[in-house]
Amino acid sequence: MISLGHFTQAIAHDIRNSLHVVVSSSTMIERRTDDPAILHYLGSIKKTIDRTNGMIERILAFANNSEAHLGVVDVCYSIDESIMLTRPMFPAGISVEWQRPSDEIYILGDHGQLYQLVLNLLKNAIDAIGRDKEGSILVSLEKVYPWVEIRVKDSGSGIAADVIDSICEPAFTTKPDGNGFGLANVFDIVEKHGGTMQVTSPAGEGAEFILLLPLLPELYL
């Protein structure tokens, strides 16, 4: 897995270099034309590059989880960071509510992986609602001894019963432009932290991801 991670990083680096050439060339063309048709096609190129970069990030995150850098992680701060960096991606019609606890909550884990975990769940929630629709996302965190419980609930259309057990499998996706690495990455991170994940999706009530991660022993004994 470590070798696969390094190999993936090398490929992603080369792809990003190629994309950089396309972006630079498109920018130069955009500065030299006001033709609506050309600008339309340049916009399509930009959107495709953005989607490709997003896919590369998710693949890299999945591969990089082969190596963990453990330390004391402030879970509240990690979720703060995930929400702050995701907010620019939120469409105007989608709101996020973060029920932040007043007390600090710590686990033994990898800050980068935990940040990526919540980030992926937020992106998944946005896609579940639909970028052209209105909806809400609720994020909550609390101690359920001896666990930390993280919940991410969306108001989307929910997950069909016949696929709910497969959504965390690598490369499985129900989205037309999906790649199947986002939720697989989440599941992998949870397992590596000694935790568990449950997904519920009552008919017509969206989906909720419930994550349990071990609290630091010295903080609750």
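The protein contains six helices and seven strands, taken as DSSP runs (helices H or I, at least four residues; strands E, at least two) numbered from the N terminus. The structure is a predicted model, in which local features need pLDDT of at least 70 and side-chain atom pairs count only at pLDDT 80 or more, whereas totals for chains, interfaces and linings use all residues. Residues are numbered from 1 along each chain as its sequence is written, and side-chain values use heavy atoms, with hydrogens and water left out.

From the N terminus on, the order of elements is α-α-β-α-β-β-α-β-β-α-β-β-α. Of the 221 residues, 39% are buried (under 20% relative accessible area, 1.4 Å probe, protein chains only). Among contacts (heavy atoms within 4.5 Å) with a separation of 6 or more, 72% are between residues 24 or more positions apart. The accessible surface (Shrake-Rupley method, 1.4 Å probe) amounts to about 12,400 Å², and carbon and sulfur atoms account for 57% of this area.

The second largest pocket holds about 170 Å³ of space. Two elements, α1 (2-31) and α2 (36-64), each give two or more residues to its lining, and α2 gives the most, with seven residues. The lining comprises Val23, Ser26, Thr27, Glu30, Leu39, Leu42, Gly43, Ile45, Lys46, Ile49 and Asp50. By class, five of these residues are nonpolar, three polar and three charged, with Gly counted as polar. A pocket here is an open set of points on a 1 Å grid where a 1.4 Å probe fits, with protein on both sides within 12 Å along at least five of seven lines; lining residues have an atom within 4 Å of a point.

Definitions and conventions: Grid points are joined across faces, edges and corners, and a volume is the space filled by probe spheres set on the points. Buried means under 20% relative accessible area, exposed over 50%, partly exposed in between (1.4 Å probe, protein chains only).
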